[in-house]
Amino acid sequence: MACVAVVSLVRTLELEFLQPHPRPIVLENELISRNKKLIQYLCSKLEFLMEQLDEKRMDGAEAIKHLETKLKDVAFRVQDEVELHVVDLYVQPCLGLRHTLQQAIKDIHDIEEEWVKLKNEYRYIMDLQGRKIQLNVLPKSDQVIMMGGASSQHASHSEDIMVGKNNEFKTIKEMLIQHPSKQQEVVSIKGMGGIGKTTLARRVYEDSSIALHFDHQAWIVASQHYNKRQMLEDLLNLKGNAESDSDEELALRIYQGLKGQRYLIVMDDVWSKEAWDAIKACFPDDKNGSRVLLTTRLAEVANYTCSSSAFSLQVRLLDQSESWNLFCQKTCKVHSGEFETIGRRIVEKCKGLPLAIVVVAGLFSKLNTLNEWENIAKALNSCETATIARACSRILSLSYNHLSYNLKACFLYLGVFPEDEEIYTNNLASLWVAEGLVKTFENESFEVVAQRHIQELVDRNLILVSKQSSSGKKVKTFRIHDLLHAFCVREAQNENLLKIVGKKCFNFHHRGFRWVSIQSSSFDIQTLYTSSKSLHSILYFSKLGAPPYLNLQNFNLLRVLYSSHIILGLEHKFCRIVYPIHLRYLSSSIVRTFNSEPFITWNLQTLIGGIYSLMHPLDFPRLCHCYCYSFTCPNCPNFVHQNLQSLSELRFSWCIKELFINTPCLKKVGIVNRGESTFDSISCIGNLAYLQQLESLKITDEGVLFKHLINNQIALLKNLKKLSFLYTRFQWDQINILSRLPRLEVLKLGSLACEGQRWRLREEEKFCQLISLKLNKVDLVHWEISGDHFPNLESLFICWCDLQEIPSSFAEIATLKSIELIECLPSAVASAKQIREEQHDQGNYNMVVIEKDTIPTGHSIIRLYER
């Protein structure tokens, strides 16, 4: 497909030549004044041609595939030549850009003529025979489709539809909590990929009777290429912060933590006996009814791991009635007459495989006319699909082909992530933008468009939501079912876009790929130097250690470097092209002072990790997001930085009036105190009032040197929606000032954010727009409120708190959906359940109480400030 090449080239041309403030060196050499009309014409031609190809939905036809291959080759060639021309400006300026543009326009005209001819032939065939174009979109073998398994490491509270699995659901529950065996038992759920093993396991895991029965629950993912270290860290919920501990030490900690507990461990997507053997010693058998639940598609793995055949379940395919019900629920449309006749034929093609039904339902949910439905039915009937695997492959390809070309490019990019990776949407949006895969329209930001693309993929059932944002309005993290992941990988590899470096794949016979995804710590990264001519993105995912030194002067066209481990060689043998001229996204653990010649990294948009000191602030005029361990600017910028939207880890002393006035578009700010003066901190809080566009603010006082005061000026932040405090030691009556924030939706009070055992709100102190309230490790015992104080609250989260009870007035909040209590007192849990009962009596049956690790009766949580 040409989608990635075309959208990336158009974005490159816009970024380099059509922005209001292009590179100074481009202006100095008059490249824009001489070529602007050619550039604009080329962009319009590329977009028009891509839209034409996209509109006809003929992507799978062999003739169209050949045409798109030619378009892709032209677009990639032109993009490389244009970017190399820009690089050459820093060494020895040349005037070859105009020739490149003229040749590109000639090549595009030739492709357009071919397209017009093909379109006319297509119309003629359609008139004579109807729509009988053969779609050759099946994979070369079934094997590529039968890879991996959908998984969700986190127990999601989403309302996934589970059709036709009620009997299997009851059977698994009986094995886990009703079987008389008291010894540890291993229960297996087996079945082919896409049949619903993970969905079934997740619904069992989240069931309230399961949560009440077991003292401890955990969910881990094994995947096809299991990682013992990762599984151990997930069991401990360490998030990779125990590098100093050996695997044996982590296993011992797990064993000791589970000793004496009745536990349920879900081990999802197990592909080998070795994966089970790697961690089975972590699970003690105290003869108390503990269980391990595994999902696998391999019968030999199920037989090896499971205690006996009495503890194994084979998941079946759906029958016709169940398949139709699932399709109807996922399309969310009323079907009748001719629509139902067509729909039932489509569902029959899915052969009872839930994933295929869900994906095709996502496609049909976007189609509104009978003609559109008929065209899809004809496409599916155009070749025989004898096996379930090939039927599933056909449906995945068809759904992909009916995405817009921009969305196709974004979807294919998901293949760069490892199988079963939990993907953060904010991070993905920045990567999409850096790769040039997101196109904006008037008055829209790239982030808004990227979030819309993510929601579109959710609506089409192409990705699986793991977590919602605190406000519940956005997707925070998601996963992609690994049949769909395998599809993205295969398509990207077929287009010579992606190279995945895994445990067994180190060779680079084909040098033309644009993205390399490194998923092995044993890979010699220096072998990439031979591929540097076309390489645009390096993404390093291994958590087992850092690769060797990487010298960026070998990658003139690099635009994305994604890693938390790569050590960069920016300080050695500095010359004018050491910094990649086209770098747009940099994520690393590098500790570096940027003191390069100004304007080199003109297009850098996202900067993550490290300690950065900007000697020349204008080095990064396009910087939108900066998430650094420490960010300083020796000379406060005397220019207005309109692009900067996110800035984290700001020291209190740098939160000065001049900085905030000169960054008027800041929407997200994180401020950290590491032992600075009281004057600086108080002044900082007052200066926040200058950030009138601010939507998210997090303040952390790691020094814990003094008690803070909330300045009344914070109430002037009229656009603030999310607010987080850590270690700030506010008094509870100071928190009440925040009720003046008119748009506040999320309030998070973390460790030692507040002190004082009583929180009392006055009648007029109302958090009118608050949706989510989180209290985590705060000093609070008594809470006095009425339902009017939080009229729109949806979720309440309380963790590790001495709160005696949840105020009964929460039963009056009609919008309340959940109260989650972790390591809280039994009296608080009991009060939450009473609120739930009252909510149910009032008709709010969706309100739930989630409890975990409740403190035993007679015990108390020692308040943190006394420790």
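**Figure 1. Overview of the predicted model.** Of the contacts in the protein with a separation of 6 or more, 62% are between residues 24 or more positions apart; a contact means heavy atoms within 4.5 Å. This is a predicted model, in which local features need pLDDT of at least 70 and side-chain atom pairs count only at pLDDT 80 or more, while totals for chains, interfaces and linings use all residues. Residues are numbered from 1 along each chain as its sequence is written, and side-chain values use heavy atoms, with hydrogens and water left out. The protein has 25 helices and 29 strands, which are DSSP runs numbered from the N terminus (helices: H or I, at least four residues; strands: E, at least two). The protein has 867 residues, and 56% of them count as buried. Buried means under 20% relative accessible area, exposed over 50%, and partly exposed in between, with a 1.4 Å probe and protein chains only.

Figure 2. The predictor's confidence in each residue is given as pLDDT, from 0 to 100. Its mean for the protein is 82, and 81% of the residues reach 70 or more. Where pLDDT is low, the predicted coordinates should not be read in detail.

**Figure 3. The second largest pocket and its lining.** A pocket is found on a 1 Å grid over the protein atoms alone: it is an open set of points with protein on both sides within 12 Å along at least five of seven lines, and its lining residues have an atom within 4 Å of a point. The second largest pocket has a volume of about 980 Å³; grid points are joined across faces, edges and corners, and the volume is the space filled by probe spheres set on the points. The lining has 39 residues, and Arg11, Gln19, Phe446, Arg622 and Asn643 lie nearest the centre. Helix 1 (3-17), helix 18 (405-412), helix 19 (425-435) and helix 20 (446-459) are the elements that give two or more residues to this lining. Helix 1 provides the largest share, six residues. By class, the lining has 17 nonpolar, 15 polar and seven charged residues. Here Ala, Val, Leu, Ile, Met, Phe, Trp, Tyr, Cys and Pro count as nonpolar, Asp, Glu, Lys and Arg as charged, and the others, Gly among them, as polar.

**Figure 4. Helix 19 and the residue just after it.** Nine of the 11 residues of helix 19 are buried, so this helix is largely enclosed by the rest of the structure. Among the buried residues are Leu428, Leu431, Trp432 and Glu435. Just after the helix, glycine 436 takes a positive phi of about 80 degrees.

**Figure 5. Helix 9 and what it packs against.** In helix 9 (residues 228-236), the buried residues are Arg229, Met231, Leu232, Glu233, Asp234 and Leu235. They pack against strand 2 (216-223), helix 10 (247-258), strand 3 (263-270) and helix 11 (273-279). At the start of the helix, a side-chain oxygen of asparagine 227 reaches to within 3.0 Å of the backbone nitrogen of arginine 229. Asparagine 237, just after the helix, takes a positive phi of about 55 degrees.

**Figure 6. Lysine 45 in helix 3.** Helix 3 spans residues 31-55. Lysine 45 counts as buried at 18% relative accessibility. Its side chain makes a polar contact with the side chain of glutamate 112 (3.0 Å). A polar contact is a pair of N or O atoms within 3.5 Å; within protein, one must be able to donate a hydrogen and the other to accept it, and residues adjacent in sequence count only if both atoms are side-chain atoms. Leaving aside neighbours within four places in sequence, lysine 45 is in contact with Ile108, His109 and Glu112.

**Figure 7. Histidine 641 in a loop.** The loop runs between strand 16 (625-632) and strand 17 (646-651). Histidine 641 is buried, with a relative accessible area of 8%. A polar atom of its side chain lies 3.4 Å from the backbone nitrogen of asparagine 643. Not counting residues up to four places away in sequence, histidine 641 touches Phe620, Pro621, Leu623, Asn662, Thr663 and Pro664.

Notes:
On a 1 Å grid over the protein atoms alone, a cavity is a set of points where a 1.4 Å probe fits but cannot get out, and a pocket is an open set with protein on both sides within 12 Å along at least five of seven lines; lining residues have an atom within 4 Å of a point.
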